[in-house]
Amino acid sequence: MPLETDDEHLERVSNRLMGRGVYFEAADREEDRLAIEYGTVAPGDGVPHQQIGKVINAFRELLDEGWEPTTIEATVVNVDDDRRRGSWRMEESWLRALEAGELSEVEFSGRVLDTIEEPSES
């Protein structure tokens with residue numbers, strides 16, 4: 001997918017998520033994945049699980065607008081202090097299987113949640 005199209009899609013996703021406490025900081029598109037970093041205002045430590053769903057659903061809404069599914073690797077930071085809260089991943093094949101009805105929402109969510117990595121406390 002051309003970078004210009006990526007930029008348009010990322011801007012749409014960013015705008016949709018801004019009111020939900022998710023703020024895109026950076027995006028890096030490679031051939032087989034999209035690495036994103038977003039800030040959160042959610043209280044607490046770790047990756048806010050509900051926001052993962054919001055981010056994925058914002059991308060899923062773009063499927064009808066020409067977005068081609070890709071693997072997404074996300075890093076989550078605090079908006080206030082840039083402290084890293086963790087990361088998660090969604091494989092392209094999982095999203096395609098979900099959209100084809102070969103994977104349930106629960107199975108899909110479980111796979112994504114299993115990828116969460118949070119910094120260990122020192």
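Predicted model: local features only at pLDDT ≥ 70, side-chain atom pairs only at ≥ 80, totals over all residues.
Local features need pLDDT of at least 70 and side-chain atom pairs count only at pLDDT 80 or more, while totals for chains, interfaces and linings use all residues. Residues are numbered from 1 along each chain as its sequence is written, and side-chain values use heavy atoms, with hydrogens and water left out.

**View 1. The largest pocket and its lining.** About 170 Å³ of space sits in here (volume being the space filled by probe spheres set on grid points joined across faces, edges and corners). A pocket is an open set of points on a 1 Å grid over the protein atoms alone where a 1.4 Å probe fits, with protein on both sides within 12 Å along at least five of seven lines; lining residues have an atom within 4 Å of a point. Helices here are DSSP runs of H or I, at least four residues.

**View 2. Gln-51 in helix α2.** At 6% relative accessibility, Gln-51 is buried (under 20% relative accessible area, 1.4 Å probe, protein chains only). Its side chain reaches the backbone oxygen of Gly-21 at 3.2 Å.

**View 3. Glu-30 in strand β1 (residues 22-30).** Strands are DSSP runs of E, at least two residues. Glu-30 is partly exposed at 36% relative accessibility (partly exposed runs between the buried limit of 20% and the exposed limit of 50%). Arg-96 is 66 residues from Glu-30 in sequence and 19 Å away, C-alpha to C-alpha.

Definitions and conventions
Polar contact = N/O pair within 3.5 Å; in protein donor to acceptor, adjacent residues only side chain to side chain.
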